[in-house]
Amino acid sequence: MTVKQIRAFLAVAHSLSFAVACERLHLSQSALSLTIKALEEGLGGRLFSRTTRNVALTPEGDALLPLARRLIADWDNAEDELRQRFTLQRGRVTLAAMPSFAGNLLPSILKTFRSRYPHVNVTVNDVINEQVLEMVRDRQVELGVAFEPQQSSSLQFTPLYIDRFVAVVPSDSPLAGRGETDWQSLLKLPFITLQRPSTVRVMLEEHLQARNMKLPVELESHQLATVGRMVASGLGVSVVPALCAGQMHELGARCITLRDPLTRAIGVLTNSGHELSAAAQALFDILQDEQLGERFSGLV
């Protein structure tokens with residue numbers, strides 16, 4: 001059975017008139033007759049009993065009628081839902097983002113997205129950088145926002161901006177008054193950072209190793225917010241991505257410029273060869289359009 005055949009059957013069944021059904025469907029009588037004949041041949045028997053005076057449903061036609069109504073209703077509903085998804089009148093997009101991005105830059109981006117597409121639902125997974133890659137790779141989410149990964153054939157990375165890391169010191173530290181510092185001065189103080197296998201921790205260690213220096217970790221935590229609280233309490237110093245500067249200030253710490261800073265690209269991760277839904281593509285376009293690097297450049 002085809003949708004065209006079922007619609008033709010319903011038109012005749014409702015009106016019990018081939019002439020009326022022809023007008024409703026904008027078909028000639030011969031075309032409608034051929035459509036009904038093809039449906040009957042495909043099913044193996046007559047659906048209508050026809051005389052020169054009237055048309056009536058056969059018992060088989062009567063049995064088909066409620067089924068045909070449900071089939072067409074389901075088809076129309078499916079067409080309507082997909083049309084609304086393509087036009088972003090409804091839909092859903094799933095995103096994974098590392099907490100430093102999810103808690104600082106993402107809310108204003110989602111506000112822009114929701115103002116344009118208020119009926120599209122958004123699910124945000126704020127997980128560590130490594131999990132972002134894993135969720136995109138396993139297609140648990142359509143989009144990920146993270147640091148640029150190592151070479152990967154399964155993931156495509158679209159850079160958004162280059163983040164430079166900044167030093168985080170207590171507000172009453174002598175370093176805070178200088179506005180900038182270097183690694184040598186910073187590493188003389190108790191150092192606080194994220195626990196392994198955090199990407200931030202690994203990048204810091206690699207950056208210092210290339211300069212024949214070692215990261216003297218005295219305190220560590222799983223959350224950047226905890227690191228910021230520790231620094232604000234005077235327990236030591238740290239180095240974090242610049243996009244976290246606002247968060248660090250809110251926690252009571254002070255961010256200052258770091259000479260010879262670690263820099264790393266932050267961007268959108270997608271699955272290579274996997275086409276995005278209309279909703280995910282719309283969010284991807286907004287992420288690319290936003291001047292993200294300028295959002296936090298004035299915070300340091």
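Which backbone nitrogen does the side chain of Ser173 reach, and at what distance? I looked this up first in the model, which is a predicted one.

**Entry: Ser173**

I found that the side chain of Ser173 reaches the backbone nitrogen of Leu175 at 3.1 Å. I located Ser173 in the loop that lies between β6 (155-170) and α8 (174-178). I then looked up its accessibility: Ser173 has a relative accessibility of 13%, and since buried means under 20%, Ser173 counts as buried.

I consulted the UniProt record next. The unreviewed entry places the feature "domain: HTH lysR-type" at residues 1-58. I checked the make-up of residues 1-58 in the model and noted 62% helix and 10% strand.

I recorded His26 as exposed, because its relative accessibility is 73%.

How many of the seven residues of strand β3 are buried? I noted six of the seven in this strand, which spans residues 91-97, so β3 is largely enclosed by the rest of the structure.

I then traced its pairing. Strand β4 (residues 120-126) runs parallel to β3, and seven bridges join the two. As one point of reference, I recorded Asp126 in β4 as the bridge partner of Ala97. β3 also pairs with strand β5 (residues 143-147), again in the parallel sense, over three bridges. Here I recorded Gly144 in β5 as the bridge partner of Ala96.

**Entry: salt bridges**

I counted eight salt bridges in the model. As background, side chains of opposite charge can pair when their charged atoms come close.

I followed one group in detail: Arg196, Arg201, Glu205 and Glu220 are linked in a network of salt bridges. I took its links in turn.

- Arg196 and Glu205 meet through their side chains, at 2.7 Å from N to O.
- Glu205 forms a salt bridge with Arg201, and the closest N and O atoms are 2.9 Å apart. Glu205 and Arg201 are separated by about one helical turn, because they stand four residues apart in helix α10 (residues 199-209).
- Arg201 forms a salt bridge with Glu220, with 2.7 Å between the closest N and O atoms. This pair links distant parts of the chain, as Arg201 is in helix α10 and Glu220 is in strand β9 (residues 217-221), 19 residues apart.

Arg196 is exposed, with a relative accessible area of 53%. Glu220 counts as partly exposed, at 38% relative accessibility.

Pro197 is found in the loop between β8 (191-194) and α10. For comparison, most residues other than glycine have a negative phi, and most peptide bonds are trans.

**Entry: Asp260**

I noted a positive phi here too: the value for Asp260, a residue other than glycine, is near 55°. Asp260 is found in the loop between β11 (253-258) and β12 (263-271). Its relative accessible area is 39%, so I recorded Asp260 as partly exposed.

**Entry: the largest pocket**

What is the volume of the largest pocket, and which residues lie nearest its centre? I recorded a volume of about 350 Å³. The lining consists of 22 residues, and those nearest the centre are Pro99, Ile128, Leu194, His222 and Leu224. I then looked up which elements give two or more residues to this lining: they are α5 (99-102), α7 (129-137), α10 and α11 (224-232).

Technical notes:
Residues are numbered from 1 along each chain as its sequence is written. This is a predicted model: local features need pLDDT of at least 70, side-chain atom pairs count only at pLDDT 80 or more; totals for chains, interfaces and linings use all residues. Side-chain values use heavy atoms; hydrogens and water are left out. UniProt positions are given in the numbering used here, feature names are shortened, and annotations may be inferred rather than shown by experiment. Buried means under 20% relative accessible area, exposed over 50%, partly exposed in between (1.4 Å probe, protein chains only). Two strands pair if DSSP finds at least two bridges between them. A polar contact is a pair of N or O atoms within 3.5 Å; within protein, one must be able to donate a hydrogen and the other to accept it, and residues adjacent in sequence count only if both atoms are side-chain atoms. A salt bridge is a side-chain nitrogen of Lys or Arg within 4 Å of a carboxyl oxygen of Asp or Glu. On a 1 Å grid over the protein atoms alone, a cavity is a set of points where a 1.4 Å probe fits but cannot get out, and a pocket is an open set with protein on both sides within 12 Å along at least five of seven lines; lining residues have an atom within 4 Å of a point. Grid points are joined across faces, edges and corners, and a volume is the space filled by probe spheres set on the points.
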